[in-house]
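The entries follow in the order I looked things up.

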Amino acid sequence: MRRRLAMIAAALSVPFVVGAGVVWAYLPWITPAGPGRWRLGPKSRFLNGRAVFLRRAMAIVVRGDDGEFTALSAICTHQGCTLKPRNARKKITCSCHGAAFDFTGAVTNPPATIPLPRLAIVEEGGELILETLER
Ligand code: FES
């Protein structure tokens, strides 16, 4: 009986652990830093050559291979769907109608024709601050 309970508890914990990982991935350590401003933490949280989607800020932060940061709106310029980075292809894609952008925000695939708006990203007191568009 105890063994069966232990097996059930182990089986039930798997979805919890996976769910916690998903939540962690989508709520990555950003906190409000005032109206339209988000505290992202230190630069070291971002890997070179990778883009991170920040749902709370509706932004995509790209750290280039050279270590430089670019912040882009995660709202598609075609009809406003949410964009996601595809790090393996170094693209930002829209699942609504297939638009794609490169990591500078330039359009690489229609139907979008307008590049992604750039957002300000600055370093203050050893951590990055993202300034988003007011919505
Ligand atoms: S809303 Fe993104 S391609 Fe149409």
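I looked up K90 and found it partly exposed, with 15 other C-beta atoms within 10 Å. The term works thus: 20 or more other C-beta atoms within 10 Å of a residue's own make it buried, 12 or fewer exposed, and anything in between partly exposed, with C-beta atoms placed from the backbone. I am working on a predicted model, in which local features need pLDDT of at least 70 and side-chain atom pairs count only at pLDDT 80 or more, while totals for chains, interfaces and linings use all residues. Residues are numbered from 1 along each chain as its sequence is written.

K90 is not a glycine, yet its phi is positive, about 55°. I place K90 in the loop between β6 (83-86) and β7 (91-94); strands are DSSP runs (E, at least two residues), numbered from the N terminus.

M58, also not a glycine, has a positive phi near 45°. M58 sits in the loop between β3 (50-54) and β4 (59-63). I noted M58 as partly exposed, with 16 other C-beta atoms within 10 Å.

**The sheet**

I traced an open, antiparallel sheet of 7 strands in the order β1-β2-β11-β10-β5-β4-β3. Its edge strands, β1 (31-32) and β3, each pair on one side only; pairing requires at least two DSSP bridges between two strands. I followed β10 to β11 (residues 127-131), where 5 bridges join them in the antiparallel sense. A120 has E131 in β11 as its bridge partner.

**A cis bond**

I found a cis peptide bond between P110 and P111, with omega about 20°. P111 belongs to the loop between β9 (107-109) and β10 (118-124).

Technical notes:
Helices (H or I, at least four residues) and strands (E, at least two) are DSSP runs, numbered from the N terminus.
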